[in-house]
Amino acid sequence: MDKINIRLAFSKKGRAIYISHLDLMRVFQRAFYRAQLPLRYTEGFNPHAYLSVALPLPLGMESLCERLDFGVKEPVNLPGLPDELNRLLPEGIEVSSAEIAMRPCSEIGFVEVSFGAETACKTERLNELFASPVFIDKRTKKGVSRVDITTMIKSLDFREKDGLILGKALISAQNPTLNPEYIENAVREYADPEAEFRFTRIALLDTEGNPFDGM
């Protein structure tokens, strides 16, 4: 039997940003079951569906560019799949496309995020802060390490509009991974303890910095 791997592109917004990664997997599995998709399962005593989300999203963060891969045993109606699933998914999770997965998600090199911040800092102070090494505590598999997060930031731009600080950042997605919330942590530690950021994941790029269109 040929293996068919399907990749969904979906967004996660509104109240859905508080659905955890594990619960998100359960949400999609229930939707797949109700849609009667011919899912492919592992073998053995405890079979489970081939299902994975690229770059699990931090809880409470919005995204416009999530990717989910799953395996099926036979071809399905890809053009009609987004509408069929959207009728079954909760508010805030919306599938925009379904295609055969052609590129491995390991080729995702960078994540682009936009953000809005409430802070007493001016853009000049923020740009100055990240123009030199910024060391903060970062959780790793070995514990907590003091690392320079600027080595994981390809670009970072701050601008002011209507009293708010807005901006975009292009950060390392994998090996190493940088949670954009560490940018907020750095501002709080070095400039404004009361700073609050709200991030939205808006694009995925490959290791060469090109859009990861690879479905």
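User: Where does P133 lie, and is P133 buried or exposed?
Analyst: This is a predicted model. P133 is placed in the loop between helix 3 (123–129) and strand 6 (135–140). The cut-off for an exposed residue is over 50% relative accessible area. Because its relative accessibility is 53%, P133 counts as exposed.

User: Which residues is P133 in contact with, leaving aside its neighbours within four places in sequence?
Analyst: P133 and T151 are separated by 18 residues in sequence, and their C-alpha atoms lie 7.9 Å apart. With the neighbours within four places left aside, the residues in contact with P133 are D148 and T150.

User: Is D206 buried or exposed, and which residues does D206 touch beyond those up to four places away in sequence?
Analyst: D206 belongs to strand 10 (residues 196–206). Its relative accessible area is 7%, so D206 is buried. Not counting residues up to four places away in sequence, D206 touches R103, E107, I108, G109, F110 and F212.

User: What distance separates the end C-alpha atoms of helix 1, and what span should its residues give?
Analyst: Helix 1 covers residues 21–34, which makes 14 residues. At 1.5 Å a residue, helix 1 should span 20 Å. The expected span agrees with the distance between its end C-alpha atoms, which is 20 Å.

User: Which residues of helix 1 are buried, and how many degrees of arc do they cover around the axis?
Analyst: The buried residues of helix 1 are L24, M25, V27, F28, A31 and F32. They lie on the same side of helix 1, because the arc they cover around the axis is only 160 degrees. In general, an α-helix has 3.6 residues a turn, so residues three or four places apart point the same way.

User: What covers the buried residues of helix 1, and which residues are exposed on the other side?
Analyst: The cover includes strand 1 (4–12), strand 2 (51–53), strand 3 (62–72), helix 2 (81–86) and strand 4 (93–100). On the other side of helix 1, the exposed residues are L22, R30, Y33 and R34.

User: What is the omega of the peptide bond between N175 and P176, and what is the phi of N175?
Analyst: Most residues other than glycine have a negative phi, and most peptide bonds are trans. N175 is found in the loop between strand 9 and helix 4, and with a relative accessibility of 77% it counts as exposed. The bond joining N175 and P176 is cis, with omega about 5 degrees. N175 is not a glycine, yet its phi is positive, at about 50 degrees.

User: Where is D162 found, and what phi does D162 have?
Analyst: D162 is found in the loop between strand 8 (153–161) and strand 9. Its relative accessibility is 74%, so D162 counts as exposed. Although D162 is not a glycine, its phi is positive, at about 50 degrees.

User: How many helices and strands does the protein chain have, and what percentage of its residues count as buried?
Analyst: The protein chain contains four helices and 10 strands. From the N terminus on, these elements follow the order β-α-β-β-α-β-β-α-β-β-β-β-α-β. Of contacts between residues at least 6 apart in sequence, 74% join residues at least 24 apart. Among the 215 residues of the protein chain, the share that counts as buried is 46%.

How values were computed. Residues numbered from 1 in each chain as written. Predicted model: local features only at pLDDT ≥ 70, side-chain atom pairs only at ≥ 80, totals over all residues. Heavy atoms only, no water. Helix = DSSP H or I, 4+ residues; strand = E, 2+ residues; numbered from the N terminus. Buried < 20%, exposed > 50% of the residue type's maximum accessible area, 1.4 Å probe, protein only. Contact = heavy atoms within 4.5 Å. Expected span 1.5 Å × (residues − 1). Arc of directions from axis to C-beta.
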